[in-house]
Amino acid sequence: MTQSSTANTREVALTSGDTVVLQWAGATDTGRRRETNQDSYLAEFPLFVVADGMGGHAGGEIASQRTIARLEEVVVSGDITTGTIETALAAAVTDITAHPDTTDEGTGTTLTGVLFALVDQDARWVTLNIGDSRVYLLRDGALAQITTDHSVVQELITAGRLSPEEAEGHPYSNVITRAVGVSEALPPDYRELSVQDGDRFVICSDGLTKELTDYGIQHFLGLNPTPDAAVTAMLSAALENGGRDNVTVIVVDAHRRSAASSTSAEASADAASAADEAATVAEPSASSTEGRAEE
């Protein structure tokens, strides 16, 4: 069963005079082959994250849900920094470890996403990642994977011992090297990026990337201009292609208007309006023309 969020919008005014308008939507689905959904997600300004749980019995579901619940507490508090995120993850690890259904050493969850932050009075993206869920960025027509997988096959690719094509069918393709769970409480990898007009993020569990290539993701982003439509299209395609795992996807769009461009646009509009008024005043009416002809 699909759990989805409707499209949401938030406008942020910067001290520079620029304005950033964020729009987002997210959805998760159990998929075609799993009995339960061990994915969880949070899409609440300014934090957008996906967690893909793992572990026997109900362990993975508990791990992802407790991690998201702790992060949601941080969002509600309004004090969202990399420090408070790490404090929340430490609390989640305590929750997971203490739960009676998560005694298995393999219990844990991935965590990946994007934080919209103000750094030195300017808008910035801060991506965070633990595990093999991914963040993609579509910018200027090009799609790039922003996060690096924490997985055995990625380590082999980095070492030059495996090609990306070979990695897809590798027997260890599902083995990750880092997770939020009972055996680890390491901080995420972070990456900071500028906020540019037209930025489009895809945050997803590997249930999406198992069924859609990067080209496929970009294809559906191109066909669907709004976040909710893009989320629905990609999730549906993943299910149609097999839905071998739980599938979760969030799309976040950014539109940035600079103060200079806004002022210029207003000035142009004012100038055009003034020109129209001047033309109307200067143009003689039909009655005045007739009056001069009679004279």
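Predicted model: local features only at pLDDT ≥ 70, side-chain atom pairs only at ≥ 80, totals over all residues.
Numbering runs from 1 along each chain as its sequence is written, and side-chain values rest on heavy atoms, with hydrogens and water left out. Local features need pLDDT of at least 70 and side-chain atom pairs count only at pLDDT 80 or more, while totals for chains, interfaces and linings use all residues.

Most peptide bonds are trans, and most residues other than glycine have a negative phi. The bond from Phe 45 to Pro 46 is cis, with omega near 10°. Pro 46 sits in the loop between strand 4 (39-44) and strand 5 (47-54); strands here are DSSP runs of E with at least two residues, and helices are runs of H or I with at least four, numbered from the N terminus.

The loop between strand 7 (111-119) and strand 8 (122-130) holds Asp 120, a non-glycine with a positive phi of about 55°. Gln 121 is found in the loop between strand 7 and strand 8, and its phi is also positive, near 70°. Asp 120 counts as exposed because its relative accessibility is 74%, the bands being buried under 20%, exposed over 50% and partly exposed in between (1.4 Å probe, protein chains only). Gln 121 counts as exposed at 54%.

Helix 1 (residues 59-77) has 19 residues and reaches 27 Å from first C-alpha to last, close to the 27 Å expected at 1.5 Å a residue; that expected span is 1.5 Å times one less than the number of residues. Its buried residues include Ile 62, Ile 68, Leu 71 and Val 75. The buried residues of helix 1 pack (heavy atoms within 4.5 Å) against strand 4, strand 5, helix 2 (82-98), strand 6 (108-109), strand 7 and strand 11 (180-181). Gly 78 follows helix 1, with a positive phi near 85°.
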